[in-house]
Amino acid sequence: IHADADAACAVVAGELAALIRERQAAGRTVVLGLATGSTPVRLYRELIRLHREEKLSFRHVVTFNLDEYHGLPRTHPESYWRFMHEQLFDHLDIPPENIHLPDGTVPRAEVFGACRAYEEKFRAAGGIDVQILGIGRTGHIGFNEPGSGRDSRTRLVTLDALTRRDAARDFLGETNVPRHAITMGVGTILEARRILLLAWGEGKARVLADAVEKTPTDALPASFLQGHPGAAFHVDPAAASALT
Ligand code: F6R
């Protein structure tokens, strides 16, 4: 529990920077799993600052995003591809070929193969070193809504009504929010060597306490993180306020 979100992001960015520098010195790459949404924006701002002011290079960083809305082209203002470029990638020296997101335009009949190919890519890159996560009010991580099993893999999912309502403002109305998304699975996420979940604000307090304190269940996919030895939650006091 940090003094505020900025303090949390300084610690998380510091951990990422140390790993990036250590690998760079050894001539090796770092594979990061990244999230979108409002939560990681401050973290990305801090990484951009480290790049600009402290010469942190992302030339040897490879990224894989958790998820993408199904049916949105990259150019859509709410696509995660666009979000990630605007909020992070456009401000770093990361080579474009090192950036990966699920393709939201893959036709349904080809989604299964595309999801397997996505998983193959990060496996071939050595697996995910550090996965950044937010948490949805349904307890989702990525777009693994309640009901997502511990061993679920990258796949097409149907978004929960609450998740679509939460996204309504960004899409200028709930009816414009896509009904489906492609997401890494819970099992996929749990294979990352390190997992850093971030949460800010009172709106996340209840779900965060349940994820940390309740018996792991697929009714609350974030609770499966309890079983991961390298998982840490970095939160502000408001998000921590329902912890017992
Ligand atoms: C985004 C993602 C989601 C969000 C979650 C919280 O890539 O996978 O799980 O992390 O919906 O969203 P925000 O941060 O907007 O509260």
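Author: Helices (H or I, at least four residues) and strands (E, at least two) are DSSP runs, numbered from the N terminus. Over residues 4–226 the chain is 36% helix and 15% strand, with the end C-alpha atoms 23 Å apart. This is a predicted model, in which local features need pLDDT of at least 70 and side-chain atom pairs count only at pLDDT 80 or more, while totals for chains, interfaces and linings use all residues. Residues are numbered from 1 along each chain as its sequence is written.

Reader: What makes Y80, W81, F83 and M84 of helix α3 count as buried or exposed?

Author: A residue is buried if 20 or more other C-beta atoms lie within 10 Å of its own, exposed if 12 or fewer, and partly exposed in between, with C-beta atoms placed from the backbone. Y80, W81, F83 and M84 in α3 (residues 80–87) are buried.

Reader: Why are they placed on the same side of α3?

Author: Because they cover an arc of only 165° around the axis; the arc is that of the directions from the helix axis to the C-beta atoms.

Reader: Which residues of α4 are buried?

Author: C115, Y118 and F122 are buried in α4. After the helix comes G126, with a positive phi near 105°.
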